[in-house]
Amino acid sequence: AVVLWHGGAPVNFVYHVMILCGIYVITVTSLNLIMGYGGMFNVGQVAFYGIGAYAGALLSVHAHLPFLLEMLLSALITMAFVVVIVLPAIRLRGDYLTFSTYALGVVAYTVFNNWIAVTRGPMGIVGIPRPSIGGLSFAPLPMFLLLVAAVVAVTLFVFYRITNSPYGKSIEAVREDEIAAAAAGKNIPLIKVTV
């Protein structure tokens, strides 16, 4: 414990693990909305995580935009991919949905790993600058952890608001019985795409 708190590599390792935990909380929260509340067994969620991560990294390295604008653009790029990918699969249920999302994950992994000209494959994208907002740099790991914690807090707040709203109850209704939800006037395809 003494070595941990006196600086150096052990502290950086702890910060790194905490940052990764925060990122995984964000990813798992979205998966909980899809699988837990929406009832759609999606094993390809990592594809959307990867699309957003690569979009953000490539924008950061090549476009040199402000960090918040890069975050917004990477989210919009990911949403565009979601719409294009999800629309053909909107009517799938059960095993068919599971297999199609698994195939999506495999295709995404293959593209990320083999499109060397864009993603640099297994070598990864280098030179990604640390974010800064309004002159405040998040380069030191404690500051970066603070940024991740803030995004986790916003994510959990939005998740709480969605799941405790009438829209969240519509999501649960679709999970429980699509026919009954449709009979109650719920737009099933729209709810599935937005989830």
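Mentor: Let us begin with Glu 172 and Lys 169, which are three residues apart in helix α7 and are therefore separated by about one helical turn (helices, H or I of at least four residues, and strands, E of at least two, are DSSP runs numbered from the N terminus). Glu 172 and Lys 169 form a salt bridge in which the closest N and O atoms are 3.7 Å apart, where a salt bridge means a side-chain nitrogen of Lys or Arg within 4 Å of a carboxyl oxygen of Asp or Glu. Lys 169 is partly exposed, with a relative accessible area of 44% (buried means under 20%, exposed over 50%, and partly exposed in between, with a 1.4 Å probe and protein chains only).

Before going further, please keep in mind that this is a predicted model, in which local features need pLDDT of at least 70 and side-chain atom pairs count only at pLDDT 80 or more, while totals for chains, interfaces and linings use all residues. Residues are numbered from 1 along each chain as its sequence is written, and side-chain values use heavy atoms, with hydrogens and water left out. The mean pLDDT of the protein chain is 85, with 95% of its residues at 70 or more (pLDDT is the predictor's confidence in each residue, from 0 to 100).

The structure holds three salt bridges. Another of them joins Glu 176 to Arg 175, with the closest N and O atoms 2.8 Å apart; here Glu 176 is exposed at a relative accessible area of 58%, whereas Arg 175 counts as partly exposed at 32%. A further salt bridge joins Lys 192 to Glu 178, with the closest N and O atoms 2.9 Å apart. Because Lys 192 lies in helix α9 and Glu 178 in helix α8 (residues 178-183), this pair ties together parts that are 14 residues apart in sequence. Lys 192 is buried, with a relative accessible area of 9%. Leaving aside residues up to four places away in sequence, Lys 192 touches Met 40, Ile 90, Leu 92, Arg 93, Val 174 and Glu 178, where contact means heavy atoms within 4.5 Å.

Val 174 and Met 40 also belong to the largest nonpolar core, which has 11 residues in all, including Leu 33, Phe 159, Ile 171 and Ile 188 (a nonpolar core is a set of buried Ala, Val, Leu, Ile, Met, Phe, Trp, Tyr and Cys residues joined through side-chain atoms within 4.5 Å). The elements that give two or more residues to this core are α1, α7 (166-176) and α9 (188-194). Within it, Leu 33 touches Phe 159, Ile 171 and Val 195, among others, not counting residues up to four places away in sequence.

Tyr 37 is partly exposed at 24% relative accessible area, while Phe 159 is buried at 15%.
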